[in-house]
Each structure stands twice: as structure tokens, then as C-alpha cells.
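Hello,

Here is the structure you were waiting for. My notes on it follow below.

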Amino acid sequence: MEIRRATVEDLADIFTCNINAFKNYITLINRAPAPMMVDFSAELKNNDLFVACENNEILGFALIQDTND
């Protein structure tokens, strides 16, 4: 497994991974959970976004946000 910084080309796969991770919570809480509302394009520019890949397939991601502002 490779862990690397995300690129613009990864955004669609990150979005799909995020939806798959949280979609079942919509019916439980009657709304989209906060992680589904993240703008990963902006996060890619402003924070640290990493992907975990195997055979060029993104299996997961990690977003590290700087909250010291």
C-alpha cells in the first residue's frame, strides 16, 4: 500500500470514497453528515490531504486540517 499526497486527479475518487463511507448515516440522522459536506477541492489547496492506494486504486483518504487559526 502506498500513502501519498492527494492530487487534483484524485478528487473524484476521494469524493466517491467519502460518499460510500457516510451514505448510510443519511437515513439515521435525516440529513447528510458533516463529512459529506466537505469541499475537497478547497481542502486540497488549504490543508493536508492524503490518499491510500493499492494498484493505482484509492482505498481511503485522510484530511488533516490546521485549526490553529
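**Asp48 and its surroundings**

The side chains of Asp48 and Arg5 make a polar contact at 2.9 Å (a pair of N or O atoms within 3.5 Å; within protein, one must be able to donate a hydrogen and the other to accept it, and residues adjacent in sequence count only if both atoms are side-chain atoms). Note that this is a predicted model, in which local features need pLDDT of at least 70 and side-chain atom pairs count only at pLDDT 80 or more, while totals for chains, interfaces and linings use all residues. Residues are numbered from 1 along each chain as its sequence is written, and side-chain values use heavy atoms, with hydrogens and water left out.

Leaving aside residues up to four places away in sequence, Asp48 touches Arg5, Ala62, Leu63 and Ile64 (contact means heavy atoms within 4.5 Å). Asp48 is partly exposed, at 30% relative accessible area (buried is under 20%, exposed over 50%, partly exposed in between, with a 1.4 Å probe and protein chains only). Asp48 belongs to strand E2, residues 48–54 (helices, H or I with at least four residues, and strands, E with at least two, are DSSP runs numbered from the N terminus).

**The sheet**

E2 is part of an open, antiparallel sheet of three strands in the order E1-E2-E3 (two strands pair if DSSP finds at least two bridges between them). E1 (2–5) and E3 are the edge strands with a single partner each, so one side of each has no neighbour in the sheet. On average, neighbouring strands are turned by 25 degrees against each other, direction ignored (axes are lines fitted to C-alpha atoms, for helices over the stretch in contact, and angles run from 0 to 180 degrees between N-to-C directions).

E2 and E3 run antiparallel and are joined by seven bridges; Phe50 stands opposite Ala62 in E3. Helix H1 (residues 11–22) packs on the sheet and touches E2 and E3, with its direction at about 85 degrees to that of E3.

**Aromatic pairs**

There are two aromatic pairs (rings of Phe, Tyr and Trp, the last by its six-membered ring, with centres within 6.5 Å; planes under 30 degrees apart are stacked, over 60 edge-to-face, the rest tilted). Phe22 and Tyr25 form a tilted pair, 6.3 Å centre to centre with 45 degrees between the planes. Phe40 and Phe61 have their centres 5.2 Å apart and their planes at 80 degrees, so this pair is edge-to-face. It links distant parts of the chain, 21 residues apart: Phe40 in helix H3 (residues 40–46) and Phe61 in strand E3 (residues 57–64). Phe40 is buried at 7% relative accessibility, whereas Phe61 is partly exposed at 26%.

Regards
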